[in-house]
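Below is a short report on selected side chains and ring pairs. The sequence and the model come before the text.

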Amino acid sequence: MAGLLAAALTASLAAGCTTSGGQRDDGRGTTHVPSSHEDASGRESLANSSSVLAVKIDNARAARPHTGLNAADVVYVEQVEGGLSRLMAVYATKLPKAVGPVRSARESDLELLRQFNRPTLAFSGAQGKLLPLIDNAPLQAVPPGKAADAYFRIRNRPSPHNLYLRPHRLLGSAPGADALTTGFRYGAAPAGGKATTSQTVRYDLARYTFTWSRSQKRWLVTMDGTAAMTTDGKRVGAGTVVVQYVKVRKSTFHDSLGKNTPYTETVGSGRARVLRDGRAYDVYWTRPKATGGTRFTTEDGRRVNFKPGQVWVVYAKAS
């Protein structure tokens with residue numbers, strides 16, 4: 001399956017074309033991928049962006065394996081309707097050739113992204129009532145209708161799990177590590193911790209397990225009991241994993257089936273577990289305001305260093 005998808009993606013990238021015509025997303029808005037001759041307003045200004053690229057990524061079983069996920073600097077895991085999950089991948093130090101499948105945005109994304117300086121948000125669409133909030137947020141919203149040749153669909157996956165992004169057509173180059181204003185600090189491992197081989201986080205209908213690989217020196221990701229892979233046949237893994245316990249409440253939005261959209265509060269404080277180098281550290285997190293990053297500390301107030309490389313942040317409901 002991964003080989004077939006990789007071949008399809010390669011062919012689509014080489015062809016440099018999109019599939020025209022409206023295609024319905026998951027009931028949260030119409031996803032329209034314009035044909036290549038349609039206007040792509042706002043593209044020139046985006047090419048000079050000095051902030052991060054954030055991409056909403058589908059994580060339904062039919063959306064796997066993912067493309068371009070291992071190139072992300074940070075991967076956020078959020079709960080969505082019905083106990084499922086969705087990813088937000090943030091790119092600053094490098095841009096892969098393709099990312100996806102791309103899916104729709106949520107209200108929680110707007111608060112999470114305030115920590116960056118006018119980030120570029122790539123997403124497939126959103127519920128109609130949410131669109132004005134996205135338009136007024138301090139970010140550069142770039143759904144398919146605003147960037148005609150940045151998105152493409154592949155034919156050997158069913159819609160809506162077949163929409164992909166060409167990041168270089170939104171940003172001319174990667175903005176660099178200075179754009180990662182997350183508040184994370186990288187460096188030598190902190191003292192203490194508990195030797196740990198795996199950590200599992202469960203939502204109602206989704207499950208993530210992170211298993212320490214001594215040979216690869218990173219935490220390998222398993223989703224719903226299956227090893228997470230990318231379309232180029234590589235395992236998905238991270239140097240640091242953060243399980244951040246937050247308040248998850250009902251929002252004012254619902255999906256097409258009437259299921260409420262959870263709102264994940266990322267401003268505030270609480271407990272977290274940081275995994276790095278085969279050890280687990282029980283720590284505190286604080287993010288006093290949306291325009292700032294998140295600080296992780298030990299009980300005595302010392303900053304917790306992350307391992308250089310990719311970080312996964314999994315938002316779990318605080319008990």
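This is a predicted model: local features need pLDDT of at least 70, side-chain atom pairs count only at pLDDT 80 or more; totals for chains, interfaces and linings use all residues.

Phe210 and Trp312 make an aromatic pair of the edge-to-face kind. The ring centres are 5.9 Å apart, and the planes stand at 70° to one another. Phe210 belongs to strand E13 (residues 207-213) and Trp312 to strand E23, so this pair ties together parts of the chain that lie 102 residues apart in sequence.

## Aromatic pairs and Tyr76

How many aromatic pairs does the structure hold? There are 9 aromatic pairs. One of them is formed by Tyr76 and Tyr315, and it is stacked, with 6.0 Å from centre to centre and 0° between the planes. This pair links distant parts of the chain: Tyr76 is in strand E4 (residues 74-79), Tyr315 is in strand E23 (residues 311-317), and 239 residues separate them.

Are these two tyrosines buried or exposed? Tyr76 has a relative accessible area of 2%, so it counts as buried. Tyr315 is buried too, with a relative accessible area of 5%.

## A ring cluster and a charge over a ring

Phe184, Tyr186, Phe296 and Phe306 are joined into a cluster by ring pairs.

Another ring has an arginine over its face: Arg249 lies over Tyr263, at 4.1 Å from the ring centre.

Thr93 sits in a loop, between strand E5 (85-91) and helix H3 (107-113). The relative accessible area of Thr93 is 42%, so this residue is partly exposed; the class covers values between the limit for buried, under 20%, and the limit for exposed, over 50%.

Which residues does Thr93 contact, leaving aside its neighbours within four places in sequence? They are Asp73, Ala174, Gly176 and Ala177. With Asp73 there is also a polar contact, made between the side chain of Thr93 and the side chain of Asp73 at 2.7 Å. The C-alpha atoms of Thr93 and Ser173 are separated by 9.1 Å, although these residues are 80 residues apart along the chain.

Definitions and conventions:
Residues are numbered from 1 along each chain as its sequence is written. Side-chain values use heavy atoms; hydrogens and water are left out. Helices (H or I, at least four residues) and strands (E, at least two) are DSSP runs, numbered from the N terminus. Buried means under 20% relative accessible area, exposed over 50%, partly exposed in between (1.4 Å probe, protein chains only). Contact means heavy atoms within 4.5 Å. A polar contact is a pair of N or O atoms within 3.5 Å; within protein, one must be able to donate a hydrogen and the other to accept it, and residues adjacent in sequence count only if both atoms are side-chain atoms. Rings of Phe, Tyr and Trp (its six-membered ring) pair if their centres lie within 6.5 Å; planes under 30 degrees apart count as stacked, over 60 as edge-to-face and the rest as tilted. A charge sits over a ring if NZ of Lys or CZ of Arg is within 6 Å of the ring centre and within 35 degrees of the ring normal.
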